[in-house]
Amino acid sequence: MKTAGYNKSDTATGNESQTIMSDLIPPPIRVGAVSYLNSKPLIEDLEDLADNAELMLDYPSLLADDLAAGRIDVGLVPSIEVIRNPDYEVISNACVATQGPVLSVKMYSRVPLGEIKRLALDMGSRTSATLVRIMLAEQYGVFPEVEPLPIEQTIEATEADAILLIGDRAIHTPETKFVATWDLGEEWLRWTGLPFVFAMWAVRRDQETGNLDTALCRARDKGVAMLDEIARREAPKLGIDVAVAESYLKNNLSFYLGPAECCGLRLFQELAIKTGLAPEGVPLVFRNCISAG
Ligand SMILES: C=C(O[C@@H]1C=C(C(=O)O)C=C[C@H]1O)C(=O)O
């Protein structure tokens, strides 16, 4: 019992008191966020706003693996992970979404879209990697073989007919010319009329999260109020113009999971099931926040 342990510390040696202190202090909640620019507005001062949260950054697909393996407790994971995993709940209405061109999720094709036979997929991605296959299947009846494109490799490293890139590196315009280029946010809006949700905060069902949902919303509200400053701070690190970073954060992305985003998410789930890229019957569960609609 904690009280008994605390009393014992009055007479404890150094080592014993260390053990007792670690009994008293709950372990930190390990929070994993995406390392790309698009996620910076979601984590502004998060460690100060949340009780006992420890933040780490990584690529989306690696965060997905970390959450599945229990190496983190809460993760800003690709939305497809929540659609595939019946053990996950969405926490907070903070997310990475778009309603129109997203700028940082692109498919470059060396052949006309209906002729794509081999598709290289950015290994950092899970959601966009699924979305691009859905759109090729549904719009062109094309089911290409897929190969991974490692994060450190460039477009030129693969001879695939088409290449999906996401994140900071996809913001840069490639030097090579392509037969066709898709901005997946733009194509999704044209096709469905809906926003698209790329990433959401997810937690395993049995994980206690205390006030973290509130902290995630407050961090997002703080970040959204200072997009100019985030752009100024982050653009030089990525080798992009501050104006590009600012416009990306302000005009391409949105950070709120509202009713229209939930509709987009549900349609994505339906299409992923239809294409055989997600299992049936996984409920979208939202912890302490908006309903799935
Ligand atoms: C818009 C983006 O959203 C990201 C795309 C993801 C994916 O495709 O799996 C996952 C997390 C998001 O941060 C991007 O990285 O460019």
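Predicted model: local features only at pLDDT ≥ 70, side-chain atom pairs only at ≥ 80, totals over all residues.

Residue numbers start from 1 along each chain as its sequence is written.

**Domains**

The protein chain splits into domain 1 (25-97 + 195-287) and domain 2 (105-192). These bounds come from an automatic or database domain assignment. Taken over C-alpha atoms, the domain centres are 22 Å apart. Domain 1 gives 23 residues to the contact and domain 2 gives 19. Two residues are in contact if their C-beta atoms, placed from the backbone, lie within 7 Å.

On the domain 1 side, the elements giving two or more residues are helix 4 (60-69), helix 5 (79-84), strand 10 (196-204), helix 11 (242-252) and helix 12 (259-274). Helices (H or I, at least four residues) and strands (E, at least two) are DSSP runs, numbered from the N terminus. Helix 12 provides the largest share of that side, five residues. By class, the side holds 18 nonpolar, four polar and one charged residues. Here Ala, Val, Leu, Ile, Met, Phe, Trp, Tyr, Cys and Pro count as nonpolar, Asp, Glu, Lys and Arg as charged, and the others, Gly among them, as polar.

**Ligand shell**

There are 19 residues around the ligand, and Pro60, Pro78, Ser104, Ser128 and Phe198 come nearest. A residue is near a molecule if its C-beta atom, placed from the backbone, lies within 6 Å of it. Each of domain 1 and domain 2 supplies at least three residues of the shell. Helix 6 (127-140) and strand 10 each supply at least two. The shell divides into eleven nonpolar, seven polar and one charged residues.

Axes are lines fitted to C-alpha atoms, for helices over the stretch in contact, and angles run from 0 to 180 degrees between N-to-C directions.

| Pair | Angle | Axes |
|---|---|---|
| Helix 6 and helix 12 | roughly 70° | within 10 Å |
| Helix 6 and helix 8 (residues 184-192) | about 45° | 11 Å apart |

Thr130, Leu131, Ile134 and Glu138 of helix 6 meet Phe268, Leu271 and Ala272 of helix 12. That contact has five nonpolar, one polar and one charged residues.

Ser128, Leu131, Val132 and Met135 of helix 6 touch Leu184, Glu187 and Trp188 of helix 8. By class, this contact has five nonpolar, one polar and one charged residues.
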